[in-house]
Amino acid sequence: MTETVLFYIFSSITVLMVLLMIFQTNPIASAMFLVFAFFSLAALYVLLQAPFVAMLQIMVYAGAVMVLFIFVIMLLNLHRDELERERFHWKQAGLIAMALAFAGFLINHFVKIPVLPFREVSASFGEVASVGKVLFSDYVIPFELTSILILVAVIGAVLLGKKELE
Amino acid sequence: MITIHHYLGLSALLFTLGLLGLVIRKNLIIMLMCIEVLMNAVNLSFIAIARYLNLMDGHVVSFFVMAVAAAEAAVGLAILVVLFRNRQTLQSSDYHLLRG
Amino acid sequence: MITILLKILVPFLVIFQIIPLLVWAERKGSAFIQDRHGPNRASFGGLRLGGLLHSLADVIKLISKEDIIPSHVHKPFYLLAPFMALLVACVTFAVIPFAHPLMIDGKAFTFQAADLNVGVLYILSMSSLGVFGVMLGGWASNNKYALLGSVRSSAQMISYEIAMGLSLLTIILMSGSLELNSIVALQGVNPLNWNIFKQPLAWIIFTTAAFAETNRNPFDLPEGESELVAGFHVEYSSMKFGMFFMAEYAHIIIASALISTLFFGGWQIPFLSTEVVQSHADLGLLIFLVVHLVLFLMIGLKLLSKYKKGRYGDNRDNEVLILGSLFSALALGIAALTFFFAPFHLGDLGSQIFTAVLQVGIFLGKILFFCWFFIWIRWTLPRFRFDQLMKLGWKILLPLALANLILTAVWLVL
């Protein structure tokens with residue numbers, strides 16, 4: 001019962017925040033709405049018994065990636081009065097919305113998966129130790145490759161951001 | 001009673017909204033943020049299915065998706081900064097030099 | 001339900017009671033270091049209480065000031081920023097254990113609001129969120145100096161988060177768990193077993209990073225009073241500035257609580273484990289009451305002996321009388337309590353509660369000691385320049401923390 005209520009609360013907050021993020025002219029307002037959306041997503045992860053991923057979501061997405069976004073917006077000094085009013089392509093948006101709604105209706109009708117309940121999980125499901133066990137045994141090669149990827153991204157970002165010295 | 005369909009439906013809805021935002025908006029930063037929304041929708045789907053099937057692999061893949069998304073956001077923002085320095089504008093409709 | 005609400009409310013109240021104490025300690029402590037008296041004028045009916053009332057005067061002044069919102073600010077974020085700064089500091093207290101869990105009817109009653117299995121990760125996440133309050137405050141003020149101060153401050157905070165996280169990793173490696181309760185319990189009662197002696201380098205790195213995270217001297221260039229005219233909160237007035245002010249002290253309290261939990265054994269009383277205190281609770285309570293009795297009696301008599309009529313010529317003479325009689329009355333009360341109810345027969349629950357009270361007291365003592373440490377360092381060391389600050393964070397602390405981590409991991413494997 002509480003799970004149902006909490007799910008609906010957090011999912012509606014997420015959808016509302018993402019909608020608000022899309023239709024804002026001020027980029028920092030968009031960024032803050034996205035931060036709140038990430039928060040409610042982290043709450044949904046906790047509901048799905050994934051506390052490690054929830055904390056990672058707040059630490060990485062809300063705490064680092066969005067800080068980077070807001071930093072760049074502040075550095076480029078995009079104030080609200082300097083932004084032009086964008087024209088929304090309402091026709092385009094309406095077409096896409098209709099296409100997606102139709103696709104959803106089709107999927108719902110023709111792919112009727114029987115609703116099975118969630119399987120029972122142990123108490124240590126989603127905890128750090130369990131994630132670590134799988135990460136370092138089955139997925140150790142992607143783990144090492146991800147570290148190289150992040151190193152390459154850091155080098156790339158620094159190189160791109162450097163100002164040319166005269 | 002919350003079933004897997006609720007979570008998958010929410011993930012699909014978030015993906016759709018992110019896609020909508022990506023197509024509608026012309027401001028490059030907002031477009032990058034919509035890409036983050038796309039990746040988060042996929043993350044939610046992974047975690048929900050991991051819970052449904054009692055497998056930890058979903059959490060691990062979600063961890064990788066987060067790492068890749070962070071790296072991509074960093075490089076994307078660096079490219080954006082260079083673009084802004086050269087063109088002084090961030091509207092995607094202003095980058096039309098190759099349009100012939 | 002009620003217990004959860006209480007567990008949320010009590011740390012919140014603890015923070016809000018320690019903040020005025022810290023403001024007073026900062027002023028009196030800085031005066032002591034700088035060889036002057038410090039504030040001692042605010043009085044209430046003659047009671048000066050050594051300057052404690054200045055905090056109350058500050059609060060009254062800040063509340064009653066006119067709340068100016070300049071016309072050029074971006075209002076939603078201008079109003080949101082102080083709340084975010086204060087909120088982040090307050091919610092971190094949810095995972096910090098105050099005492100050993102009580103066993104009531106077979107169920108454990110933990111002294112944390114949330115006994116998270118990923119406690120340390122929660123703390124790191126909340127410190128990452130602390131950057132938002134500063135950034136939004138600076139940007140929303142629509143002021144060049146505020147923007148500069150907030151950009152500097154957020155750059156500093158995100159740089160030192162990495163060193164902080166890496167030094168915490170070594171503690172996690174040594175303790176084998178992310179739960180704060182286990183980290184504290186594993187440190188044991190022997191002070192030589194506490195994490196400060198097992199990981200001194202991690203302590204130095206963590207403390208330095210904590211100073212940088214709380215924007216505190218020697219890292220307070222972002223709010224440097226001589227450089228940037230109060231930095232990112234220059235456009236804030238009255239209670240919103242009061243919130244930033246409180247948020248800074250709340251961050252100091254959080255950092256002290258973390259240092260004492262992770263490195264100095266948290267709620268562990270040195271050489272007295274929980275079982276020992278619980279089994280000797282009757283004797284312990286007697287000793288506790290007698291010690292307080294003697295202490296209060298001595299303070300009361302000393303204060304009473306300092307009374308000299310005509311020293312100030314007005315109400316301030318009576319201050320020592322009032323305080324002296326208060327302490328003596330308290331001493332007499334404790335004496336009455338002891339002699340009427342001795343010998344004590346605390347049951348199982350009573351001895352557990354007594355142990356918990358002692359442990360909470362020790363924990364608060366450690367927090368206050370580290371808060372004093374923060375204040376001491378602030379008024380002793382000069383300020384870092386910004387490039388020196390960034391060089392320290394990236395080129396010195398980060399490699400040191402990494403080397404520490406690798407050494408610890410290798411040592412644990414061997």
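User: How far apart are the closest C-alpha atoms of chain B and chain C?
Analyst: In this predicted model, the closest C-alpha atoms of chains B and C lie 14 Å apart, and no contact joins the two chains.

User: Which chains have the most contacts, then?
Analyst: Of the 2 pairs of chains that touch, the pair with the most contacts is A and B.

User: Moving to chain C, how many helices and strands are there?
Analyst: The secondary structure of chain C comes to 14 helices and 2 strands. The radius of gyration of chain C is 24 Å, close to the 22 Å that the globule rule gives for 414 residues, so chain C is as compact as a globular protein of that length. Along its principal axes, the C-alpha trace of chain C spans about 70 × 65 × 45 Å.

User: And what share of chain C is buried?
Analyst: Buried residues make up 51% of the 414 residues in chain C, and of the contacts in chain C with a separation of 6 or more, 80% are between residues 24 or more positions apart.

User: What about helix α2 of chain C, which residues are buried there?
Analyst: In α2(C), the buried residues are L53(C), H54(C), S55(C), D58(C) and L62(C), and what covers them includes α1 (2-33) and α9 (238-262) of chain C.

User: What span should that helix have, and what does the model give?
Analyst: At 1.5 Å a residue, the 12 residues of helix α2 (residues 53-64) of chain C should span 16 Å, which agrees with the 16 Å between its end C-alpha atoms.

User: New topic: how many cavities of 30 Å³ or more are there?
Analyst: A search of the whole structure finds 3 of them, and the largest cavity has a volume of about 190 Å³. The largest cavity is lined by 16 residues, with S127(C), M164(C), E213(C), H251(C) and I254(C) nearest its centre. The elements that give two or more residues to this lining are α4 (119-140), α5 (144-175), α8 (200-213) and α9 of chain C.

User: How does that lining divide by residue type?
Analyst: The lining of the largest cavity divides into 10 nonpolar, 5 polar and 1 charged.

User: What volume does the second largest pocket have, and what lines it?
Analyst: The second largest pocket has a volume of about 950 Å³, and of the 37 residues that line this pocket, M55(A), A114(C), L116(C), Y122(C) and M126(C) are the closest to its centre. Two or more lining residues each come from α1 (2-22), α2 (27-47) and α3 (51-75) of chain A, together with α1, α3 (75-91) and α4 of chain C. The lining of the second largest pocket divides into 32 nonpolar, 2 polar and 3 charged residues.

Note on methods: Residues are numbered from 1 along each chain as its sequence is written. Chains are lettered from A and ligands numbered from 1 in the order in which they are written. This is a predicted model: local features need pLDDT of at least 70, side-chain atom pairs count only at pLDDT 80 or more; totals for chains, interfaces and linings use all residues. Side-chain values use heavy atoms; hydrogens and water are left out. Helices (H or I, at least four residues) and strands (E, at least two) are DSSP runs, numbered from the N terminus. The expected span of a helix is 1.5 Å times one less than its number of residues. Buried means under 20% relative accessible area, exposed over 50%, partly exposed in between (1.4 Å probe, protein chains only). Contact means heavy atoms within 4.5 Å. On a 1 Å grid over the protein atoms alone, a cavity is a set of points where a 1.4 Å probe fits but cannot get out, and a pocket is an open set with protein on both sides within 12 Å along at least five of seven lines; lining residues have an atom within 4 Å of a point. Grid points are joined across faces, edges and corners, and a volume is the space filled by probe spheres set on the points. Ala, Val, Leu, Ile, Met, Phe, Trp, Tyr, Cys and Pro count as nonpolar, Asp, Glu, Lys and Arg as charged, and the others, Gly among them, as polar. The radius of gyration is taken over C-alpha atoms; the globule rule is 2.2 Å times the number of residues to the power 0.38.
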